[in-house]
Structure formats: structure tokens, C-alpha cells
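Please keep the sequence and the structure in view while reading.

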Amino acid sequence: MLKNYIRIALRNLVKNRASSLLNIGGLAVGMAVAILIGLWIWDETSYDKTFPNHRRIAQAMQNQWINNHTDTWGSEAYPLGSELRRVYGNDFKHVVMSGWTGGHLLTYGDKHIKETGNYMEPGVTDMLSLTMLKGNRDGLKDPGSILLSRSTAKALFGDADPMGATVSVDQKLLVKVTGVYEDLPSSSSFSDLNFISPWQLLVNTEHYDTRFNNPWGASWFQCLVQIADNADMDKVSKKIRDVKLNALKSNGNEDARFRPAIFLHPMDKWHLYSSFKNGVIDGGRIQYVWLFGIIGIFVLLLACINFMNLSTARSEKRAKEVGIRKALGSLRRQLITQFYIESLLIAFCSFLIALILAQVSLPFFNEVADKKMSILWSTPLFWLSCLGFTLITGLIAGSYPALYLSSFRPVKVLKGVFRAGRSATLPRKMLVVTQFAVSIILIIGTIVVFNQIQYAKDRPVGYTREGLVTTPLTDDIRNKYAAFKNDLLATGAVTTVAQSENPVTNVYVTNSGLTWRGKDPSLQEEFTTLSVSSDFGATVGWQIKEGRDFSSAFASDSSAFLINEAAAKYLGFQHPVGEIIDWKGNGKMKIIGVVKDMVNQSAYEPARQMFFFLPRWEGQKLYVLNIRINPNIGPHEAIAKIAPVFKRYDPANPFEYHFTDDDYAKKFANEERIGQLAGCFASLAILISCMGLFGMASFMAEQRVKEIGIRKVLGASVFNLWRLLSKEFVALVFISILIATPLAWYFMHNWLRNYEYRTTMSWWVFITAGVGALFVTLLTVSFQSIKAALTNPIESLRTE
């Protein structure tokens, strides 16, 4: 019986080639989209899952109570690790203090490479279950050691054995290679951990740094933990809550007023749940997982709707088949099985084509999504998922046609009095409306996303990005800075040069302990701060709103502040120039000027209150060099002129530079990526919907061919016939617009609420989406409508 079902299904597919191709093509596109989105979701949800201990690893984070709201960050004070081991040792298997992974210069002989790595305590090797290719996991117990990833060892040593070799880190630390570990996967939080040196090495060599001289008051480092096998993550998190607060109180540190609360953020939530609001998780990338999961389901549903519509639209052609089979004794369940077999056969053919489409489009998809995904050909779970996915798709697509077609009464069919009435066409119209409503919502969403990105891009940044270059300020250049600066200016490619603690696009240092006239005693102040050289403002091109800039001509500027407009408002001064700020541990600082607010963090958030000041003590290091390129010289020519100066003063380090406008553009990379993906899926949704419309228009033209012939004989024009055949589809799309508009407004309004600095949804967005949908609809159905209208009526009426 099954063989007979398949034979009949194949015969029907071949007989109705056009509708079969549309069904298979539409389902293939929908299934390809679902496969790509499924791979993306798998990559996102499997992030960090390659570590065997991922369920027991966490990062210690902290909440601080500041002015009636809670701020959350992942940086910790350096004594936290030892305190957790001392007080709560039974609750942890490993506690690992570490710096932040960043770029460092590794040197072996005359070979110099820039690699990202970190200083970490020895327990990290067991915590991350590193696969050691050479040496063992105890390699970090020697404070003068280094572990290299396989790719780093290959880059530095080639095919030579690196074990025991001495490597220089940043030209100031000599370490011995004690192990080589396998590269960590790209879908992990440690993908850029290309070398590891002992934490104690950092402590021993930089103990004089500001990060260490205020033990519990400064938070600069990471603390990773692996809880004990018999411990519960939530219980341990609650237990350690007051460890920092108690330490601050015992030391009499006034930072206790911020009521810091330590908690554990599990590794399984690092990637998808990284956003915090008022001290609790407020989402993160998980919102995009849900978004694209829903989009994938809807795009596949659109393809299934095509199948339903085209199958039921041809009901009259299959009515006699159903009537004869029922008259010969076929049961309804047998007919349902037959129609399900047909839909499953189409779904299987569509799946094979979808795999090809997914494989072909995967490189483009990876580029847009910034991923390194591949189809999991050798994974049994992938094929089981695909089998279930194909079966479900076939059953969903075939459900309505199977139930509808099998319900025909043989008496009416065989008498020739069967006609599909309004009750048959109404569900098809509802499905078409659903298709286009979903497509229009996706179009509106895509437009709003790009509008939000452009709105933030057009925001005044408070300085001049164009022609500004930043580069790391190394010790070699810092030690000969005056001569280096003169040689740089002598090239003619540079107009000004300045130093700063952070790049102007990413200022992350905050400070407290400030008092001023009229300050509310209960205020828990926090300011973003940036230490700069006196020529910083002239270099970046900031805008002085009141007072004056820093100047090397005034020795008193070493005890001066420049503040931004947000800080002036925060302080409560209408004219703050001349006001004195008492900064605990730093003395009294005089405000000498106010600068326009600058965007140096998220472009979607309002500017934070900020102080700028000159280095406060001898030996304080600034880490970034800001260079203003001569506007009369092209950027590439300027770089070619200044590169030799860097090479002359710092021959070991490669000349690494960044254009500030490029760094600023990276702030929008995530939203642009989401917008591009949404745009692709919206386009495919429209394509699938149009394929269904094309098939429906073809069938309608075929069904009304004699009516069209009679109308032409009676004098109807081509335009009148085109309008007659198109108006029903236009009406359906117009209804879709009416349904989609409020839904799109609701969804995108809620999405925009995630951004404090956000655009508004203008009326033209909805008009553009609606007009675009109507235009595509007319374009799709006009081909068949005009073709039918131009047909010679003699051909269509010949049989009458």
C-alpha cells in the first residue's frame, strides 16, 4: 500500500510540474533559512559548552548601590581570590584571579609577534581542562613560566620544540615555556587566550601600580571560580555576598557606603545573559536567539502556507479523483494518508535542495553573522534533527490540504455539481493575509533597526573623529617621548600629538570620593575619569563651552579639572569654572573649563558625568597615543610617513594603529549585523510570499480563462482585465498592511525602549513598507494577469 501511495504521489508531482516546482522551491527556501538559523542558534546556545566543567564555573561579579540604583560590573579587587579561599575554601574547587585578556608582544630571538593573552592563577588549567600537547597543567606553578597555545607556539617557534625556551613578554619580562595547549574553540569566552602567564608574575612586577595600592577600593581584575562538586551555585553565591563589604568595613574604607555585593555569574549565562539592569539579569544576546528563532519559524510557516494554498486552490482538479476513490471504497483515512505522503515527499525533496542552498549560502551567512559555522555533516544529532524537522514540515504543510481534500462528498463530485465556494476560498485568503502581514512586519522591523543605527551614528560626538589615529604608547616611546614627538611633527604628516589613559572612544575608568560646595551628604557620587596630557583637547578637537583648556604654561593645571556638560549638571553648578573639588587622596582640584559632552562609551546612552585631569604623580603612565593627521595629506600617505618614526624609537613592537572613526563604527557592529540578517530574512519572506502569489495568480488566470475570453469579446480592455484579476490580491495585501502596522509598531517600540538614546518611528516607515509590499504584489500578479488579458479569446472559447 505504501508503495502505491508513493507511486501516485510521484505521478501527481510530475503531472502538475508548475505547482510542484513552486511548492518545492518555496519550501526549500524556507527550510534553508530554518537550517541556517538553526545552526546560528546552536552556535549561540553551545557557547562555552565545550568545557567539561562549564556547569560549575562562574565569574565573581559585584553590584554596587549608587544613588538609588544598582550598577553591575565584572571587575574585582585583587585580594578577592585569596579571601574566598581563606573564608569559603570548602565551597570552591578552584579560585583564579586574572587580569583582562589583551594584546602583548612576545619575543623569541629576533622573532616578534603580537598575541592576546592573560596573567592567571595556576588553577585555570584544570578549570578549563586544557588539552596539553606539551608539558602538563602544572606549568603555571613556576612564577617565571608561560603556556602557549598551539597556534602561538607555531607562529613563534615554527616546527622547533618550544619547551624550555625563554620568551620575552612586552620586552620587560623573561619567562620560560613550560607547556603548549590546544587552541581553545572560537565559540568560547576564551577563544583569544593564546598564552597564559602566572598571576603572581603580574603582582610581583606591577605591585606599585594603582591597581594594587588600594587593595579593596580599586576593582581592576577578574575572579573566576569553580565551585566544589557537592556545592550549589545559588547557595554559594548567596554565601559570599558580603565578602567585600566586610573587608571594607574592617579596613574603615568609605567605599563600604556603596554596599558592594559579590555574586556568581555562571559560565552557562556569560554569552547569552550578559546584560544587567538594577542588579539583575536583563537579557543579552538571548533576545536575538528568540528573535531569529521566531523569524525562522515564521519564514518556514510562510513556505508551508504556499503549499496549503496551492494544494487547496487546485481542489476542483482533484475532486473527481477523490470522488472515484471514495466510490470504489477508499476510506477517508486512506485519502488523508495519500495526501500526507505527497506533502512528505515534497518536504523531503525540498530538504535536499535546502541543504544545498544552506551549504552554498553559509560563507555569506558566516560573514554577515561574524561566525565560523559549518553544517554538522558527521553529527548523528544533526541528521536526527533534520529528519524530525522534515517530517514536521511535511505534516504541517500537508495538514490542511489532506483534511480539506479528503472531505469531498463523492455524490456531488461525480454529478459535476461540486464547486469550491466562499468557505473554501476564505481560509486561503486568510493564509495569504498572514503571509504578507509577517513579511511586512519583518520589513518594518529592518527599517527601524537601520534607522536606530543611523540615528546614533548622526549623534554629535563632541570631538573630531576624522583624521584622528590612536596607537599603544609603549615604554620605549614613553621614555623618549619629547624627541619622538618632535620627530613625528617634523614629518609634516601630523599636526598634534597627545597622550591619554584610554582611547577617546572607550573610556571605562570611574572614581568616587569627591566633595564640592553644596553636595548632598547622602549622594553616592561616581564619575567617569580620564587622565590626559595637556595637548589632548587640541588633538581630539573637543569643544570648550566655558573656561579654558589645559595648558603646559600653567603649572597649577596639575591640580585642575576639565569637566563635561553632564558633570556640570550633576554637580549642580550653572557656571562651575573656578569651583573647587576635594578629591580624597588627591587633594583639591579646581575646575578650569567645561567641554561639550563626548560619546566615549555606548552611542545609545546619554553622556555620563566626566572629569579630565593631567597625570597626578610622577611616573603615572598613560597608555594611548592620540595623533591628529594633517588634513592636507591622505591617511595612507600619512601612515607611510609616521611608521618609520615608530620603528626608529620602538623597533621591537609592530606599528599598530587604529583610525578613531573605524573604532567608533565598531560600536554599531552588533546592531548592523542584526539589521543585515533581519533584512536578508525579510527579503526571503517576501520572495516566498511572492512565489505563492505567483502560483495563485496562475491558477486564477487558468480557472477564469473563459470568463476573460468572453469579457474580451464584449470589449473589455487589457487594463480592465488586469484590474479585475489583480484587485483581489491587492485587497488582501492591504488588509495585511492594516494588521501588520500596529503589530510592528508594538514590537519595535518595545525594542527601542532598550536604548536610552533612540529614534522615533516615523509614519514614512510604515508607508514605505506598505507601498513596497503593494508594489511587489502588483509586480508578481501582473505577469499572469497581463498574460491572460492578452490571450486571444478564440483560443479560450474554442471548446464552447
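Leu80 is placed in helix H3, which covers residues 80-88. This is a predicted model. Is Leu80 buried or exposed? With a relative accessible area of 1%, Leu80 is buried, because buried means under 20% relative accessible area. In sequence, Leu80 and Cys223 are 143 residues apart. In space, the C-alpha atoms of Leu80 and Cys223 are 7.4 Å apart.

A second pair of this kind involves Arg56, a residue in the loop between helix H2 (17-45) and strand S1 (57-66). Along the chain, Arg56 and Ala231 are 175 residues apart, while their C-alpha atoms are separated by 8.9 Å. Arg56 has a relative accessible area of 23% and is therefore partly exposed.

**Salt bridges**

Side chains of opposite charge can pair when their charged atoms come close. How many salt bridges does a search of the whole structure find? The search finds 27 salt bridges.

| Asp229 | Lys93 | 4.0 Å |

The salt bridge between Lys93 and Asp229 has an N to O distance of 4.0 Å. Lys93 belongs to strand S3 (residues 92-98), and Asp229 to the loop between strand S11 (222-227) and helix H7 (233-239), so this pair ties together parts that are 136 residues apart in sequence. Lys93 has 47% relative accessibility and so counts as partly exposed, whereas Asp229, with a relative accessible area of 55%, is exposed.

Asp126 lies in helix H4 (residues 124-127), and Arg137 lies 11 residues away in the loop between strand S6 (132-135) and strand S7 (145-149). Asp126 is partly exposed, with a relative accessible area of 31%. Arg137 is also partly exposed, with a value of 30%.

Asp370 counts as exposed because its relative accessibility is 54%.

**A nonpolar surface patch**

Which residues make the nonpolar surface patch of about 570 Å²? The patch is made by Trp290, Ile294, Phe298, Leu301, Ile392 and Ile396. Helix H9 (286-313) and helix H12 (380-405) each supply at least two residues of the patch. H9 gives the most, with four residues. Trp290, one of the residues of the patch, lies in helix H9. Trp290 counts as exposed because its relative accessibility is 60%, and the cut-off for exposed is over 50%.

**A pair of crossing helices**

Two packed helices are described by the angle between their axes and the distance between the axes. For helix H16 (residues 481-490) and helix H19 (residues 635-649), the axes come within 9 Å and cross at roughly 160°. That angle makes H16 roughly antiparallel to H19, because angles over 145 degrees count as roughly antiparallel. The crossing of H16 and H19 is right-handed.

**Positive phi angles in loops**

Ser129 is not a glycine, yet Ser129 has a positive phi of about 50°. Ser129 is found in the loop between H4 and S6. Asp170 is likewise not a glycine and has a positive phi of about 55°. Where is Asp170 placed? Asp170 is in the loop between strand S8 (166-169) and strand S9 (173-181). With a relative accessible area of 26%, Asp170 is partly exposed.

Notes:
Residues numbered from 1 in each chain as written. Predicted model: local features only at pLDDT ≥ 70, side-chain atom pairs only at ≥ 80, totals over all residues. Heavy atoms only, no water. Patch = residues over 30% accessible without salt bridge, like charges linked within 9 Å, V, L, I, M, F, W, Y side chains within 5 Å. Areas by Shrake-Rupley, 256 points an atom, 1.4 Å probe, with all protein chains shown as cover. Salt bridge = Lys/Arg side-chain N within 4 Å of Asp/Glu carboxyl O. Buried < 20%, exposed > 50% of the residue type's maximum accessible area, 1.4 Å probe, protein only. Axes fitted to C-alpha atoms, helices over the stretch in contact; angles between N-to-C directions. Parallel < 35°, antiparallel > 145°, perpendicular 65-115°, else oblique. Left-handed = near helix turned anticlockwise from the far one by under 90°.
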